[in-house]
Amino acid sequence: IILTVAYLYTSPGNNTGSRDGKIGVVVTVGPQEEFVKRVGGDLVNVTVMVPPGADPHTYEPLPNQMKQVQEAQIYFQVGSDVEFELSWMDKLTSINPQMKWVNTSTGIQLIPNTAESEEGSDPHVWVSPRNAKVMVENIYQNLTLADPENKDYYTKNRDEYLNELDELDKNITQRLSGKNNTKIMVYHPAWAYFCKDYNLQQISIQQDGKEPTPQALASLVDTARRENIKVIFVSPEFSTSNAKVIANEIDGKVVVVDPLSKDYLKNMQKVAEAFVVT
């Protein structure tokens, strides 16, 4: 993987980012919090805009989150057409014009967003551990720009975490290499980057960001039977009703997999284990 540096695209300001001397950082989704904390360690304060269980497509930040944005020095955006960022970037910039915006997806080959109603790219880049490595490198480069005196500290932390991401990638590759059924059925199509890396194909219940019609549900049941699919995967932020309908028809089960978990390493191992048994 070629790791490419993301460049800051607002000019540096005088904002210290935090009263305790730490760098005030804002991120969009939970997995980014682990990325930033593992690199920044004790020298960063991190605010997550879209909390666990919330939908990045529709979430609106709370007043206390907006206050954190006012005091932040850097916003590490996902940068892959996440709807929250598209909707709120101008507003967040207006309340803190000195805050630097860093696109952590710089260097990642984005997948077209063909499975949802939004145009642009598939936003869920972080579900690929290989993409996570690129995001971590972009975070590292910009933390060292903001705080060059502590570059050695950030470098040590980055190297340790990148090694763990390498191990995660190897483990997932091994776990899924012998999988007979390469198709998985999901409610929300959040796993395209994961599937691309590990030779899987996701079949989405949700189409164009909408609930399936009765005819589409019947077709999905037929597909699940034909492909011998016995597990329907759902995300915590979405309804499970249609997934349960399909599972009942195929004598299968519904399993929750969370693309937004803050505990990235452990969660991705859990996701891989779940996909193995489909």
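User: Where does the charged end of R158 sit?
Analyst: This is a predicted model. In it, the charged end of R158 lies over the ring of Y140, at 4.1 Å from the ring centre.

User: ok, rings then. How many aromatic pairs are there?
Analyst: The count is 12 aromatic pairs. One of them joins W191 and F275; the ring centres are 5.6 Å apart and the planes stand at 90°, over the 60 degrees needed, so this pair is edge-to-face.

User: Where in the chain are W191 and F275?
Analyst: In distant parts, 84 residues apart. W191 is in the loop between β5 (183-186) and α6 (192-198), while F275 belongs to helix α9 (residues 264-276).

User: Are those two, W191 and F275, buried or exposed?
Analyst: Both W191 and F275 are buried.

User: And which residues are in the cluster with them?
Analyst: Ring pairs connect W191 and F275 with F194, Y198 and F233 in a cluster.

User: Switching to the sheet. What's the strand order?
Analyst: The order is β2-β1-β3-β4, in an open sheet of four strands with parallel pairing. At the edges are β2 (44-48) and β4 (100-103), each of which pairs on one side only.

User: What does the twist average?
Analyst: From one strand to the next, the twist averages 25°.

User: How many bridges between β3 and β4?
Analyst: Four bridges, with β3 (residues 74-77) and β4 paired in the parallel sense. F76 has V102 in β4 as its bridge partner.

User: Which helix packs on the sheet there?
Analyst: Helix α3 (residues 83-95), which touches β3 and β4. The direction of α3 makes about 170° with that of β3.

Key. Residues are numbered from 1 along each chain as its sequence is written. This is a predicted model: local features need pLDDT of at least 70, side-chain atom pairs count only at pLDDT 80 or more; totals for chains, interfaces and linings use all residues. Side-chain values use heavy atoms; hydrogens and water are left out. Rings of Phe, Tyr and Trp (its six-membered ring) pair if their centres lie within 6.5 Å; planes under 30 degrees apart count as stacked, over 60 as edge-to-face and the rest as tilted. Helices (H or I, at least four residues) and strands (E, at least two) are DSSP runs, numbered from the N terminus. Buried means under 20% relative accessible area, exposed over 50%, partly exposed in between (1.4 Å probe, protein chains only). A charge sits over a ring if NZ of Lys or CZ of Arg is within 6 Å of the ring centre and within 35 degrees of the ring normal. Two strands pair if DSSP finds at least two bridges between them. Axes are lines fitted to C-alpha atoms, for helices over the stretch in contact, and angles run from 0 to 180 degrees between N-to-C directions. Contact means heavy atoms within 4.5 Å.
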